[in-house]
Amino acid sequence: MNSNSELQLLYLKYKKSLLPLIFISLSFFMLFRIVLPQISSISESNQAISDKTLEVVTLEKSLSTIETQNVTTINDNFELTNRALPTSKDVAIIFTALASAASDAQVDLKEFSIKVGGVFGKTGGASSTSSFGTPKVDVETRISSIDGENTYQFVKKVQEKLPLSEIKNIDSTGALATVVLSFFYKPADLTLLLKQDNVKELTKSDVALLEQLKSWDQ
Amino acid sequence: MNEDINLALKTGKQKNKTGLILAISFGLFFIIFIASAILIFYSLILKSKLSEITQKREDFKSKISALAVKKEKLIFTTDRLNTIQKVISSRNKIDQRLGQVITSIPASFPIEGIQATDNSLSLKISAPALSEFDKLFEKDLPDLAKNKAFGITRIEIASFSLQGASYLLSLNIHYGSQVRSRQLTR
C-alpha cells in the first residue's frame, strides 16, 4: 500500500514528461531500426540496379550482334581463325603448310622433325609457349634450294601460310638449308565459351586481320 | 502563509516548458516517422525495379542461349583473333630483315650462305671479279646501314677470300634489341 502510493506520487510528479519521453524513445527506435537500415538497403539496391542495367545493356547488344550476323560469315570466320591458330598440335596441317611454302618457293622439302611434347598431363615437357602464353610446336626443316634467294622465299612464304608460324633460325650453306620455326596453336577454352555472354562485334582491325588471314589461306 | 510565494506564476512557466518539450519531441517523432515511411516506400519501388531488371536479364539470357552455337562461334573467333593479332605483332622479323638485305645487294652476287637469328644475320655472297665489290662497299652497304627503318646497328666484314674462281665475302649484320620492341608496339 505504501509502495503504491509512492509510485502514484512519482507518476503524478513526472506525468507531463512521460509523453515526450515516449516520443523521443520511439524516434530513436525508428531512426536505428528503420531509417538507417533503409538508407543502407537503398544504396545497395541502387548499386545492384546500376550493375544489372549495365549487364542488360551488354546482353541486349550481344543478342543484337548474334542475331544480325550471317551464319555463313560466322562459320567462315570461325574456320579461318581455327586454321590460323588450331586448337591442337596438328602435324598434318603443319606438313601441308611447309609443303605448300616449299612448292611456292621452288625448293625441295627434304625432311622435317617436330618436337610434339606432352600428349597428356600438365607438364607438357618439350612443348614451349610464347611470351604471351600461346603454346607452340618447334619444327626443324631441311630444304634443298638453288640458292639463298630461294631459301629466303621459303621462309617468307611459310610465314604467309596458315597455321601461323615464326622463323627462329636459318642456317644455309650452298644448296642445303636448315630452318627452325615454331607453329602456334591454342586449345579451346570451354569455360570462356560456356560462361561468357558478352559477344562483341568485330572491330575494323579484326575485319582487316581476317582479310589478311584470307589472303594467306590460299 | 508566506506572501512572497506565487504558486500560480510558477505553474504557468512549467506548463509552457512542458508543452514546448512535448511539441519538440512530437515534431521529431513526426519527422522520423515520415522519413521512415518515405524510405520504405522508395525501397519498395527500387526492389520492384530490380526485380523487373533481373527478369529482363533472364529473358535476354534465355534468348542468347537459344542461339548458343552462333554465340560460341563468335566468342571463339573474337578470342582467337586477339591471340592471332598478338602472335603476328610479336613474331620476329627474320624474313623481313633477310628480304631487306637481299634486295639491297645487287642480283649479280649469288647468295652462298645465310645464318639468321633473332638479333643477327650473316650472309655469304660471291662474285667472280673484285670490281663487282666496289659499288657494294661504296654505296650498297652504306645505304643499307644508313636506313634507320631497318634498325641495323653494325655491319662487319667477317671474311673476304678467294675460293676457286670467285671471291667470297662474309658479312655479319647486327640489329639492336630496341628495334624489335618498336616493331612489337605497332
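## Domains and chain contacts

The C-alpha centres of domain 1 and domain 2 of chain A lie 68 Å apart. Domain 1 of chain A covers 1–68, and domain 2 of chain A covers 87–188 + 204–216; such bounds come from an automatic or database domain assignment.

This is a predicted model, in which local features need pLDDT of at least 70, side-chain atom pairs count only at pLDDT 80 or more, and totals for chains, interfaces and linings use all residues. Residues are numbered from 1 along each chain as its sequence is written, while chains are lettered from A and ligands numbered from 1 in the order in which they are written.

Helices (H or I, at least four residues) and strands (E, at least two) are DSSP runs, numbered from the N terminus. Two strands pair if DSSP finds at least two bridges between them.

| Strand | Partner | Bridges |
|---|---|---|
| E4(A), residues 165–173 | E5(A), residues 176–184 | eight bridges |
| E4(A) | E1(B), residues 111–116 | four bridges |

Opposite Asn169(A) stands Val180(A) in E5(A). The hairpin of E4(A) and E5(A) has two residues between the strands, and Gly174(A) takes a positive phi near 60 degrees there. Towards chain B, Ser172(A) stands opposite Ile114(B) in E1(B), and Asp171(A) has Gln115(B) as its bridge partner.

In total, 62 residues of chain B are in contact (C-beta atoms, placed from the backbone, within 7 Å) with 69 residues of chain A. H1(B) gives the most to the side of chain B that touches chain A, with 27 residues.

Key: Contact = placed C-beta atoms within 7 Å.
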